Amino acid sequence: RDLKPLLPAAAAIFVAGMLPVSGLVPFSFQAISTVADRYLYLSMLGPALALAWVLAYSRRMSLAVGCGLLLLSLLAVMSVFQVQYWRNETTLFTHALEVNPRSWISHNNIGKARFEEGKIDEAIEHYQQALLANPRYSKSHNNLGNALAAKGELEKAVESYRKALTIGPRDPTVHNNLGLVLVAQGKVDEAIEQFRQALKIDATYAGAHFNLGNALAMSGRLEQAIEQYRQTLDNDPTFAAGHVALGNALAAAGKLEQAIEHYRQALAIEPKGENAHLNLGLALAGLGQTEEAIKELRRVLELENSAGMLSQTHFSLGTIFAKQGHLDEAGKQFEQALKLNPDFARARHYMGRGLEARRGLNKAIDYYQQAVRSDPELAEAHQSLGEALAKQGRRDEAIEHYQIALQILKARRKAADGH
């Protein structure tokens, strides 16, 4: 049978499959690469049909089949080698860079992989290479900002985020990330504006609602923070950290019953959530439910936690025992807190109060002095130190610490009134 009409048809199928990605009509992926393996997926139907026709109508079938099997074996071997490049993003885009060293999308994606592996310096290098090849790719500016922020280079991170927003001003993720760095710099009002910008673009962005709530809470605007946390949970009801944050804000506003409800919801989502257990214990203690509070706090000690979390838990247990009049047990808890965190000023302050209550005035003064050295802004420790010094007749020293305590309290009140 004449194969002449069939082979041109196969060639036509091959060309037709290539036309959409040939560049005759612009398409978005051209910005990344003008070539890709998948461009041939549809087109290879043509060669496959041509091979089938050859096999079907060959006069020397054994030779045709042998050649076909040889070709398939060769392609199989090549596929084995090719598939190795697709094991993960790192191998894929490393190979892409070998083929095209100026592939900015490959540098960007390898940077993301390195960032997730904790290799921050390597991530930064790849993001910078991506931006050298394509300075207008806003996502690389954003990713570079994330890496710089993780490294603690906050000013450079801010610069990268602002460059990203110059290119793509309506990216809510970049506004949110910039806000987080501004919070870390202590520029809370500027951060609040960035979170609000993110929410103007995407009102359902739970992360931005959450971060705005945190910033508002930091600045003393509890009712506004509570509203943002509620909107966080409206958009993501299973966000355990959102329930904890809302619980904390409600507790700070004196709404302990509502706070407890949200702590319990957080624990229903994440039963081993140490923050939820800790703050639930504190809220229960605030309502006078001391036995339940102690149980919750002891659950925190049973979990694998950081030294900071364990120190805070021992301290919280100590305050409960101190209120119950169990000063020896309270002292043990404060000692444990200080073993884990020797600079824990409030634990030293409470340790001093316990010693003073047991007539250990000189030791109490030592602890108060250590507390104000660890945290010079702890007004309560200055106050206690002043009272203890006054009992020893050290009037001038006592007055000095009373005055410091008053200055700190006035500054706190002024900051709260400013909002």
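## Close-up views of a predicted model

**View 1. Helix 5 passes helix 7 in a left-handed crossing.** Helices are DSSP runs (H or I, at least four residues), numbered from the N terminus. The contact (heavy atoms within 4.5 Å) takes in N108, K112 and F115 from helix 5, and K139, S140, N143, N146, A147 and A150 from helix 7. Sorted by class, that makes 3 nonpolar, 4 polar and 2 charged residues. For the classes, Ala, Val, Leu, Ile, Met, Phe, Trp, Tyr, Cys and Pro are nonpolar, Asp, Glu, Lys and Arg are charged, and the others, Gly among them, are polar.

A quick note on the model: it is predicted, with local features needing pLDDT of at least 70 and side-chain atom pairs counting only at pLDDT 80 or more, while totals for chains, interfaces and linings use all residues. Residues are numbered from 1 along each chain as its sequence is written, and side-chain values use heavy atoms, with hydrogens and water left out.

**View 2. The geometry of helix 5 (residues 104–116) on helix 7 (residues 138–150).** The two pack at an angle of about 25°, and their axes are 11 Å apart. Axes are lines fitted to C-alpha atoms, for helices over the stretch in contact, with angles running from 0 to 180 degrees between N-to-C directions. Helix 5 and helix 7 are therefore roughly parallel (under 35 degrees; over 145 is roughly antiparallel, 65 to 115 roughly perpendicular, and the rest oblique).

**View 3. Helix 11 (residues 206–218) and its buried residues.** Its 13 residues reach 18 Å from first C-alpha to last, close to the 18 Å expected at 1.5 Å a residue (1.5 Å times one less than the number of residues). Among the buried residues of helix 11 are H209, F210, N211 and L212; buried means under 20% relative accessible area, exposed over 50%, and partly exposed in between, with a 1.4 Å probe and protein chains only. The buried residues pack against helix 9 (172–184), helix 10 (188–201), helix 12 (222–235) and helix 13 (240–252). After helix 11 comes G220, with a positive phi near 85°.

**View 4. E292 in helix 16 (residues 290–302).** E292 counts as partly exposed because its relative accessibility is 39%. Leaving out residues up to four places away in sequence, E292 touches R264 and L284.

Methods: Left-handed = near helix turned anticlockwise from the far one by under 90°.
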